Amino acid sequence: MSVTAAPSPSLVIDPFVRDLNGETAYLRESGPFVRIDLLGAPAWTVTEHSVARGLLTDARLVKDINRWKLWQSGEIDRQWPLVGMIDTGRSMFSVDGAEHRRLRAKTAQAITARRVESMRPVVESITTELLDALPGHADTDGRVDLKPHFAQPLPMSVVCNLMGVPDESIPRQMRLWKAFFSLLTPQDERLAAVDELTEIFTELVREKSAAPGDDLTSALILADEGGEPLTQLEVMGNLKDMIGAGHETTVGLVLNAVRALLTHPDQLELVRSGRIPWETVVEEVLRWDPPTTHLLMRFATEDIDVDGFVIGQGEGVVISYRAIGRDRDRHGAEADAFDITRATPIRHMTFGHGPHMCPGAALSRLEANVALPALFARFPDLRLAVPADELRNMPVMTQNDLESFPILLNG
């Protein structure tokens with residue numbers, strides 16, 4: 001007979017992310033399921049690759065917040081700071097089954113491999129513009145913060161270009177998304193930021209419906225295969241969620257890659273010499289130091305037995321991708337090491353698995369594979385302006401995002 005493991009003290013996930021490596025090690029060493037506390041909300045987190053892979057295709061785990069017993073009981077409500085990560089409105093990110101397939105199919109029609117590859121000249125052009133401007137952002141000591149002047153505007157500009165979002169809205173969006181993700185933002189201000197973002201994208205969808213262009217938003221509106229067309233509300237939801245998730249993920253990927261290479265100069269030299277391709281760097285960073293730390297949240301529609309461990313009906317399940325990326329059973333005894341020369345293939349699950357696998361994975365990879373070699377070619381003497389252990393994470397429980405990234409462009 002299957003039994004639920006005896007409840008153990010919950011690991012309180014630190015909202016200030018003061019020891020991410022320590023937290024990752026604890027989760028990984030505590031078994032495939034660990035009881036965690038997310039700002040007062042208990043949940044199970046999954047820390048092993050094989051277990052997560054199975055659960056991510058299990059139809060009994062759904063995205064619908066109304067299946068969460070803490071939401072049903074009112075113990076968690078709109079004042080919970082992480083609610084915006086789960087209750088995102090109607091989009092392919094928040095529904096399951098046939099409705100998810102319908103919403104996702106429309107996006108698949110619009111964000112094809114050809115469309116992503118057609119973005120390469122745009123990515124290259126934006127990268128060049130940002131690199132040209134970097135020296136002008138240096139302070140009197142020659143320090144430049146790589147995050148606001150390169151890693152952040154690059155993916156935001158790219159995804160907005162793809163979606164047909166006007167450039168003039170980008171600074172406003174960056175301010176609003178920062179308020180949304182940061183746990184230092186008071187909840188009423190966070191909810192107001194969500195409302196303002198919704199207004200921005202609702203108006204954009206209205207404009208594109210009246211006058212479609214050659215962009216992804218128009219393609220979503222016009223997509224007419226595979227069931228009913230998307231409503232304006234559904235297009236807006238997909239648009240908002242893709243921009244939010246798409247830009248934030250790539251910020252972390254670029255910064256974590258630069259940090260990994262600057263703190264492993266021998267491996268940086270292998271890449272610069274051409275002995276290791278940049279694509280390998282990107283995949284190893286995605287495994288070892290992924291931009292998503294904990295992905296919130298799925299809910300059990302019934303008791304789910306996993307090798308004798310039972311996730312109870314109505315309980316929340318989090319996927320801890322950073323712990324999974326360092327799973328020794330999957331990645332070997334040296335899983336904690338950043339190593340672009342590792343003999344085993346780098347097969348991670350950082351962009352998810354199953355029906356909800358990230359639809360923007362190819363675009364994020366494209367951006368990183370353009371931005372990183374361009375940055376290091378332009379500034380071959382680039383180095384950190386502070387010791388690596390002084391870099392601090394943003395107070396964000398879900399994203400592996402640095403507060404700042406001070407560098408010296410010329411050593």
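This is a predicted model: local features need pLDDT of at least 70, side-chain atom pairs count only at pLDDT 80 or more; totals for chains, interfaces and linings use all residues.
**Sheet.** I looked up a three-stranded sheet and found it open, with the order β5-β11-β10 and antiparallel pairing. At its edges I have β5 (143–145) and β10 (383–384), each of which pairs on one side only. Next I checked how β5 meets β11 (residues 406–408): three bridges join them, and the two run antiparallel. For a landmark in that stretch, I noted Val144 standing opposite Ile407 in β11.

**Aromatic pairs.** How many aromatic pairs are there? I get nine, with ring centres having to lie within 6.5 Å. I then picked out Trp68 and Phe299, whose ring centres are 5.2 Å apart. Their planes sit at 25 degrees, and under 30 degrees counts as stacked, so I log this pair as stacked. Where do the two partners sit in the chain? Trp68 is in the loop between β4 (61–62) and α3 (69–72), while Phe299 belongs to strand β6 (residues 294–300). The pair therefore ties together parts that are 231 residues apart in sequence. Buried or exposed, these two, Trp68 and Phe299? Both are buried.

**Around Trp44.** I also went to Trp44, which forms one aromatic cluster with Phe33 and Phe309.

Note on methods. Residues are numbered from 1 along each chain as its sequence is written. Side-chain values use heavy atoms; hydrogens and water are left out. Rings of Phe, Tyr and Trp (its six-membered ring) pair if their centres lie within 6.5 Å; planes under 30 degrees apart count as stacked, over 60 as edge-to-face and the rest as tilted. Helices (H or I, at least four residues) and strands (E, at least two) are DSSP runs, numbered from the N terminus. Buried means under 20% relative accessible area, exposed over 50%, partly exposed in between (1.4 Å probe, protein chains only). Two strands pair if DSSP finds at least two bridges between them.
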